[in-house]
Every structure is written in C-alpha cells, then in structure tokens.
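This report describes selected features of a single protein chain, with attention to its sheets, its helices and one of its pockets.

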Amino acid sequence: MLPHIVAEAADRFGERAVLVDHRGLELTYAELHRRSDRAASAFADAGLGIGSVVALAIGSTFDYVVAYVAAAKIGAITAGINPSLAAAEQSALIERLGPDLVIDGPVPERPGTVAALPDDPERIVAVVFTSGTTGPPKGAVFRNRQLAAICEADLGPGWQERWGGGGPMLASTQFAHVGFMTKLPWYLRVGTTMHVLDRWRAADVLTAIATHRIDTVGVVAPQLALMLRSPLMDELDLTCVERIIAGGAASPPGLVRAARERFGAAYSIRYSSTESGGVGLGTDFDAPDDEALHTVGRPRPGVEVRIVDDGADVPDGDTGELWLRTPAMFDGYWHDPEATAATIVDGWIRTGDLASRTPDGLVTLKGRSKEMYIRGGYNVAPAEVEAVMSDHPSIAAVAVAPRPDDVMGEIGVAIVVVREGAPAPTLEELRAHGAERLARWKLPEALVVVDTLPLTPMQKLDRAALASAARAGTPVSSVADTADERQ
C-alpha cells in the first residue's frame with residue numbers, strides 16, 4: 001500500500017516538498033521515491049525481505065521517512081525507536097523487538113530498484129511502541145489493512161480516489177509516534193508538506209505556524225498549554241489558524257476555552273490510542289460548550305464504543321471502562337500474547353480509561369483506572385478534578401497526584417502552573433472554586449506551584465513524575481490536619 005502511494009504521489013506532486021526541516025531543507029515527493037528505491041536496493045542486497053524487521057533509532061529526519069518507505073517496498077517491517085528515550089530505554093526496546101537491522105545513522109543507499117510487491121492486506125508494515133506511561137512500552141502491530149482503514153477513517157469512504165487537497169502541516173510528534181507511522185499513507189496521498197522541527201519548542205512552533213500559514217494545528221494538550229503561555233501569542237499573526245485538533249492527552253475545559261479565544265479557531269478534541277491506530281472519538285469543531293468542554297465527543301465513523309464493568313455493559317451515566325472496536329485497531333502486541341489477550345477481548349480494545357456515556361452517545365472521561373487513588377475509602381479520579389480546577393482564572397495548567405497520608409490513606413495534591421501575569425491561587429481558593437462541582441473528598445488537600453508540568457517523551461503528562469513530586473515536594477499550602485477539615 002505505502003509503496004504504491006509513494007510512487008503515484010511522486011508522479012502527481014513531483015517537486016513539491018513532502019518534508020521541510022528546521023533549516024529549511026526540503027525533501028520532495030519525487031526525491032522520496034528515488035531515495036527509497038535506492039535504500040530498498042541496499043536493504044535487499046543485505047538480505048532483507050518480506051517479514052524482516054528494521055528498527056529506526058534516529059530522529060524525525062528525511063532518512064527516517066526514506067527508510068520507512070524503503071522497508072515497505074521490500075515487505076519489511078519498520079519500528080521507530082523514540083530518540084527522546086534514555087539510551088537504556090532505547091536498548092530495551094530494540095532487544096524486545098529483535099530486529100534484523102538497526103539504523104542509527106545515515107540510511108544506506110545503492111543504485112537500483114526492487115520489484116514491486118503485490119498488494120497483501122495481511123502484510124505487517126509497522127510496529128509502533130506505546131508510550132509506556134502505565135508499564136514497559138509494548139509494540140503494537142499494524143498490517144496493510146489497518147493502514148487502509150485509517151485512511152478511510154481520516155479521509156472518508158472515497159479515499160482511494162482522493163489525491164491532493166493537502167497543505168502545510170506541522171509534525172508535532174516524533175515520527176515513531178502512531179500519529180505519523182499509521183497516517184503517513186494519507187499524508188502522502190493528499191500531498192501534504194510536513195514541517196519538522198529539530199525539537200519541540202512553543203516559540204518555534206508558533207513561528208512556523210505564522211510563517212507557513214498553517215491553518216490546521218495538531219497538538220497534544222500539554223503542548224497547547226505551553227503555546228498559550230508564550231509571549232509570541234501576542235506578537236505573531238496567527239489568524240491563519242482555523243482549526244485545532246488536540247489528541248494524545250485530555251484537554252481540560254479551561255484549555256479548550258482559552259485556545260478558542262486566543263486563536264479564534266475551532267477546536268476538536270480527539271480521543272484515541274496507539275492500539276486504536278490513532279482513530280477513536282472526537283468532538284465536533286462547532287460543538288456546543290457541553291460537548292466541547294466536558295466530553296471527548298462521539299465515536300468517529302466505523303468506531304464502536306462500550307462502557308464496561310465486570311465484563312458487562314453499564315447503563316448510560318454510570319462509570320466503567322471504555323472499550324473500543326474499529327477496523328483500524330492494532331493486530332496485537334509484538335511477541336507478547338499475554339499482553340495482547342489482556343488488552344483485546346472478543347475483538348474489543350480495553351483502553352484502561354474510565355468513562356461514562358450519555359443516551360445520545362457523548363463520552364466523558366473519568367481518568368485511568370490505574371491512576372485512581374483512594375481517599376478515606378472513596379475513589380478519586382485525577383482527571384475529573386483536573387477538569388474542574390483548570391477553569392480557575394489563575395491556572396494555566398494543572399495536574400492532580402496522590403500523596404500517602406496517615407489518616408486518609410491518600411490525599412490529592414494539586415500541582416499547578418500559574419497563568420502569566422496572574423497571582424498564584426491559594427489552596428483555599430482552589431477548594432472553593434471546586435466546591436460546587438466536586439464532592440468535598442475529591443478536593444485537593446495540598447498545593448504545589450511549578451513552572452511546568454513534567455511530560456513524557458510522547459508529550460503526555462508524566463504521572464509517575466507527578467506522583468513523586470506530590471510525595472516529595474514542599475507544598476505551598478495544605479489543608480489543616482484536623483478531623484473536621486478532612487471529612
């Protein structure tokens with residue numbers, strides 16, 4: 001699939017840039033086809049072929065894309081190793097993968113071409129490692145048929161006939177991420193020009209958006225929060241931005257509201273996962289506040305949803321684990337049948353996220369089952385508390401993490417980034433702010449003010465680091481340790 005798209009895209013788009021790096025250097029569609037042919041020849045000469053595994057331990061560069069396409073041209077499987085990981089973490093992933101070839105430098109090329117492979121929907125194309133926020137990263141397997149299903153989900157049922165219509169976009173995640181590995185076929189099909197930064201910085205991202213007049217901005221929520229704090233928000237002409245698509249992490253109501261106001265753009269929350277192929281649920285761009293601020297929307301076409309507790313569907317309004325089923329979902333974990341069996345049940349993905357659903361199909365996340373903590377016998381979902389606290393006018397970003405407590409077992413610590421120019425909130429103000437929408441036992445009982453929230457290499461909240469900060473950090477203030485105050 002990918003080789004055929006690259007060949008036709010080279011004919012259709014020719015000298016149009018498919019990639020532009022931070023130095024302004026370009027890789028054209030025609031050059032991508034030529035270079036990937038030469039790299040495929042080198043791979044074949046080295047004995048690689050159908051079913052061989054190539055690990056790309058390189059950054060988001062031209063070579064990464066050339067190697068990925070070249071591997072697909074000979075029927076090999078590509079796995080990206082996120083260079084943001086520590087060396088030991090990268091080594092562990094490579095060991096788990098067991099590749100036939102590891103590329104950690106320039107991609108080998110030699111003159112020549114390879115014979116075109118016949119279409120095979122069952123041929124494995126990519127192994128995409130999960131972020132590892134809830135355990136060691138696992139390799140999600142994707143075949144040609146799943147990449148085709150992702151094209152249909154993102155482009156619509158007539159995607160096979162659609163060519164062109166793409167414009168400039170910003171690559172906001174590492175190429176090893178599911179958002180690139182599984183969606184590259186349709187990026188190429190519509191003739192997108194992807195602008196790639198050497199590393200993610202809010203100022204550089206905003207400058208690129210303004211310079212290249214990018215109308216659709218894809219981000220994860222923590223990135224967007226950093227962009228809104230940048231002084232360049234008021235210095236650059238960002239009127240080109242028409243749509244913001246935020247996935248990969250929860251979008252608190254305060255962030256959605258601030259982004260819509262500051263950019264003057266429509267905002268769509270997208271909920272998905274590596275396992276779902278980056279396809280899941282979403283809010284409409286023109287959704288009313290009840291949907292846009294407090295839900296992750298409805299299932300996208302072709303996606304089915306269940307809310308499950310103890311193996312049975314729960315009534316609308318009740319909380320359970322969110323299960324998804326879609327033709328785009330992964331095939332299983334690489335060489336890990338036990339983890340696969342624990343995640344895929346009767347064809348459904350167990351997401352590990354807690355959620356509820358309204359009768360008309362809107363889904364609201366309640367947090368991850370593994371992130372819940374128990375305060376005085378009551379379960380508390382950090383995401384629920386964060387959604388309420390993010391509306392406070394002094395808060396730019398907030399996370400809630402548990403801290404052990406001799407009396408209550410665990411208490412919630414609000415870890416807060418203060419909005420530029422605003423006074424730091426007191427704990428009493430935060431608790432008063434949340435008192436109308438949250439039970440007393442869900443309200444934070446300690447406050448820590450930080451400059452930025454810790455993020456994983458995939459730009460998600462690092463919950464492990466937050467928990468450590470909550471346990472070890474010195475709070476700005478805390479609830480008085482009296483029986484009356486702590487009920």
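In what order do the 5 strands of the open sheet that contains S3 and S7 follow one another? The order is S5-S3-S4-S6-S7, and the pairing is mixed. Its edge strands are S5 (101–103) and S7 (139–143), each of which pairs on one side only. On average, neighbouring strands of this sheet are turned by 20° against each other, direction ignored. The model is predicted, and local features are described only where pLDDT is at least 70.

Leu56 has Gly80 in S4 as its bridge partner. In a regular strand, side chains alternate between the two faces of the sheet. In S4, Ile77 and Ala79 point one way while Thr78 and Gly80 point the other way, and all of these residues are buried. Strand S6 (residues 124–129) pairs with S7 in the antiparallel sense over 5 bridges, and Phe129 stands opposite Gly139 in S7. Helix H4 (residues 87–97) lies across S3 (53–56), S4 (77–80), S5 and S6, and runs at about 145° to S6.

Thr274 makes contacts with residues of this region. The residue is located in the loop between S12 (266–271) and S13 (281–282). Not counting residues up to four places away in sequence, Thr274 touches Val128, Phe129, Thr130, Ala140, Phe142 and Val178. Thr274 counts as buried because its relative accessibility is 12%, under the 20% limit.

**S1 and its partners**

Strand S1 pairs with strand S2 (residues 26–28) in the antiparallel sense over 3 bridges. The two strands form a hairpin with 5 residues between them, and Gly24 in the turn has a positive phi of about 95°. S1 is also joined by 2 bridges to strand S9 (residues 193–195), and these two strands run parallel.

Val18 belongs to S1 (residues 17–20). With a relative accessible area of 1%, Val18 is buried. Leaving aside its neighbours within four places in sequence, Val18 is in contact with Leu27, Thr28, Tyr29, Leu32, Leu188, Thr192, Thr193 and Met194. Val18 and Asp204 are 186 residues apart in sequence, and their C-alpha atoms lie 20 Å apart in space.

| Strand pair | Sense | Bridges |
|---|---|---|
| S1 and S2 | antiparallel | 3 bridges |
| S1 and S9 | parallel | 2 bridges |
| S6 and S7 | antiparallel | 5 bridges |
| S13 and S14 | antiparallel | 2 bridges |

Another open sheet of 5 strands has the order S10-S11-S12-S13-S14, with mixed pairing. Its edge strands, S10 and S14 (298–299), each pair on one side only. S13 and S14 pair in the antiparallel sense over 2 bridges, and Gly282 has Arg298 in S14 as its bridge partner. H9 packs on the sheet, touching S10, S11 and S12, and its direction makes about 110° with that of S10. H10 also packs on the sheet, where it touches S11 and S12; its direction makes about 145° with that of S12.

Why is H9 largely enclosed by the rest of the structure? The reason is that 7 of its 9 residues are buried. These are Ala221, Pro222, Gln223, Leu224, Ala225, Met227 and Leu228. The buried residues of H9 pack against H8, S10, S11 (243–247), H10, S12 and S23 (395–405).

In helix H8 (residues 202–212), the buried residues are Ala202, Val205, Leu206, Ala208, Ile209 and Ala210. They pack against S8 (168–170), S10 (216–220), H9 (221–229) and H10 (253–263). H8 is followed by Arg213, which has a positive phi near 55°.

**The second largest pocket**

The second largest pocket holds about 460 Å³ of space. Of the 24 residues that line this pocket, Ser60, Gln174, Leu197, Asp198 and Arg199 lie nearest its centre. By class, its lining has 10 nonpolar, 10 polar and 4 charged residues.

How values were computed: Residues numbered from 1 in each chain as written. Predicted model: local features only at pLDDT ≥ 70, side-chain atom pairs only at ≥ 80, totals over all residues. Heavy atoms only, no water. 1 Å grid on protein atoms, 1.4 Å probe; cavity = no way out; pocket = protein on both sides within 12 Å on 5 of 7 lines; lining within 4 Å. Points joined across faces, edges and corners; volume = space filled by probe spheres on them. Nonpolar A, V, L, I, M, F, W, Y, C, P; charged D, E, K, R; others polar. Helix = DSSP H or I, 4+ residues; strand = E, 2+ residues; numbered from the N terminus. Buried < 20%, exposed > 50% of the residue type's maximum accessible area, 1.4 Å probe, protein only. Contact = heavy atoms within 4.5 Å. Pairing = 2+ DSSP bridges. Axes fitted to C-alpha atoms, helices over the stretch in contact; angles between N-to-C directions.
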